Each structure stands twice: as C-alpha cells, then as structure tokens.
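Subject: Structure handover

Hello,

Here is the structure we spoke about. Please open it alongside this note; the findings follow below.

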Amino acid sequence: MSASAKEESKAIVAGLKKSALLGGLKDRELKRLASFAKARSVPTGTVLVKRGEKGIGFYVILEGRVQVRKGSTNIARLGPGDFFGELALFDDRPRSADVVAVEPTSLVVLSRWEFWGFAQERPEILRAILQAMASRLEQTGRVSAS
C-alpha cells in the first residue's frame with residue numbers, strides 16, 4: 001500500500017469512527033470497512049444524490065456539510081459523522097431526496113455490494129443501521145405530521 005493510500009485509509013477510519021452509525025465498531029473492524037470504501041472530495045454545489053435516481057450505496061461525511069432537500073423543502077443539514085443514502089443498501093428504489101454539498105465536503109462512499117461484503121463478516125452492523133433507519137423514519141414522520 002502506498003503512503004498516500006495509507007493516509008487515505010487512516011482518514012477514512014478516523015471519519016467512520018466519528019459516525020454515530022459506525023463509531024461503535026472496533027478499530028480493526030473500521031479498518032476492514034475502510035478497505036471496502038472509497039473517499040471522495042467535492043466542491044460546494046455538487047449534487048451527491050439526485051431524487052428519482054437509483055441509489056447504489058451510502059455516504060458518511062468526513063468533513064463539510066450537505067443539505068438534504070425534497071423539492072424546495074429542506075429536510076436536513078448534515079455534517080461530519082452524519083450519513084445518508086442508507087436505504088440504497090437494502091433496495092433498488094429511486095432516491096427520495098436530493099443531497100447537495102453546501103461547502104467543500106469529504107465523504108466516504110460505500111456501495112451496496114461492498115457493504116454486504118462487510119456485513120457478511122459483521123452482521124451486527126445491520127442492527128445498528130436498522131436502528132438508525134427506524135430513528136430517521138420516526139423523525140421524518142414527526143416532521144411530516146407538523
């Protein structure tokens with residue numbers, strides 16, 4: 001592994017460790033997950049996820065901020081340690097919202113097939129993701145009912 005690849009892997013592990021979703025994993029597990037993931041840096045204004053398009057994976061924000069929008073409605077503003085796109089891990093439905101970088105942003109991208117490669121080794125990660133998804137659905141229901 002080259003020096004730059006090692007540095008990128010360290011940055012991915014450090015970012016994943018900050019995530020509420022993945023922070024409970026041991027360093028060894030985070031390093032393994034990082035080996036499946038890809039780092040991506042984008043400038044302000046980049047559309048990371050487009051509503052209606054097929055999702056192939058999920059994202060964890062390392063640095064920067066994104067805005068989640070449904071039409072002209074802002075649903076959420078996410079920053080370091082937050083994640084989005086997790087539903088794409090479980091089905092082929094189109095994305096339900098747009099996600100746009102509102103400042104320069106670094107992310108970890110994990111495709112569905114890479115995620116499932118990891119989940120087969122560590123099935124308890126599924127519980128953490130399902131709990132996070134349930135919490136989001138509950139919050140979304142509260143916002144919709146308002």
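Start with G57, which is found in strand β3. Helices (H or I, at least four residues) and strands (E, at least two) are DSSP runs, numbered from the N terminus. This is a predicted model, in which local features need pLDDT of at least 70 and side-chain atom pairs count only at pLDDT 80 or more, while totals for chains, interfaces and linings use all residues. Residues are numbered from 1 along each chain as its sequence is written, and side-chain values use heavy atoms, with hydrogens and water left out.

G57 is buried, at a relative accessible area of 3%. Buried means under 20% relative accessible area, exposed over 50%, and partly exposed in between (1.4 Å probe, protein chains only). Leaving aside residues up to four places away in sequence, G57 touches G85, A88, L89, R95, L110, S111 and R112. Contact here means heavy atoms within 4.5 Å. G45 is twelve residues from G57 along the chain, and their C-alpha atoms are separated by 20 Å.

The sheet around β3

Four strands form an open sheet in the order β1-β8-β3-β6, with antiparallel pairing. Two strands pair if DSSP finds at least two bridges between them. The edge strands are β1 and β6 (83–84), and each pairs on one side only. Strand β3 (residues 57–63) is joined to β6 by two bridges, and the two run antiparallel. In that pairing, V60 stands opposite F83 in β6.

Helix α1 lies across β1, β3 and β8 (105–111). Its direction is at about 95° to β3. Axes are lines fitted to C-alpha atoms, for helices over the stretch in contact, and angles run from 0 to 180 degrees between N-to-C directions.

Now look at S41, in strand β1 (residues 38–42). S41 is exposed, with a relative accessible area of 59%. S41 touches T105 and S106, not counting residues up to four places away in sequence. S41 and T105 are 64 residues apart in sequence, but 5.7 Å apart in space, C-alpha to C-alpha.

The other sheet

Another open sheet has four strands in the order β2-β7-β4-β5, paired antiparallel. β2 (47–49) and β5 (73–78) stand at its edges with a single partner strand each, so one side of each has no neighbour in the sheet. From one strand to the next, the twist averages 30°.

Strand β4 (residues 66–70) pairs with strand β7 (residues 98–101) in the antiparallel sense, over four bridges. V66 stands opposite A101 in β7. β4 is also joined to β5, by five bridges, and these strands run antiparallel. There, the bridge partner of Q67 is R77 in β5. β4 and β5 form a hairpin with two residues between them. G71, in the turn, has a positive phi of about 65°.

The helices

Helix α1 (residues 3–18) packs against helix α2 (residues 27–36) at an angle of about 120°, with axes 9 Å apart. α1 and α2 are therefore oblique to each other. Angles under 35 degrees count as roughly parallel, over 145 as roughly antiparallel, 65 to 115 as roughly perpendicular, and the rest as oblique. The contact brings S9, I12, V13, L16 and K17 in α1 to D27, L30, K31, L33 and A34 in α2. Its residues divide into six nonpolar, one polar and three charged. Ala, Val, Leu, Ile, Met, Phe, Trp, Tyr, Cys and Pro count as nonpolar, Asp, Glu, Lys and Arg as charged, and the others, Gly among them, as polar.

α2 also packs against helix α3 (residues 112–121), at about 155° and with axes 9 Å apart. That makes α2 roughly antiparallel to α3. E29, R32, L33 and F36 in α2 meet E114, G117, F118 and E121 in α3. This contact divides into three nonpolar, one polar and four charged residues.

E29 touches F118, R122 and E124, not counting residues up to four places away in sequence.

Best wishes
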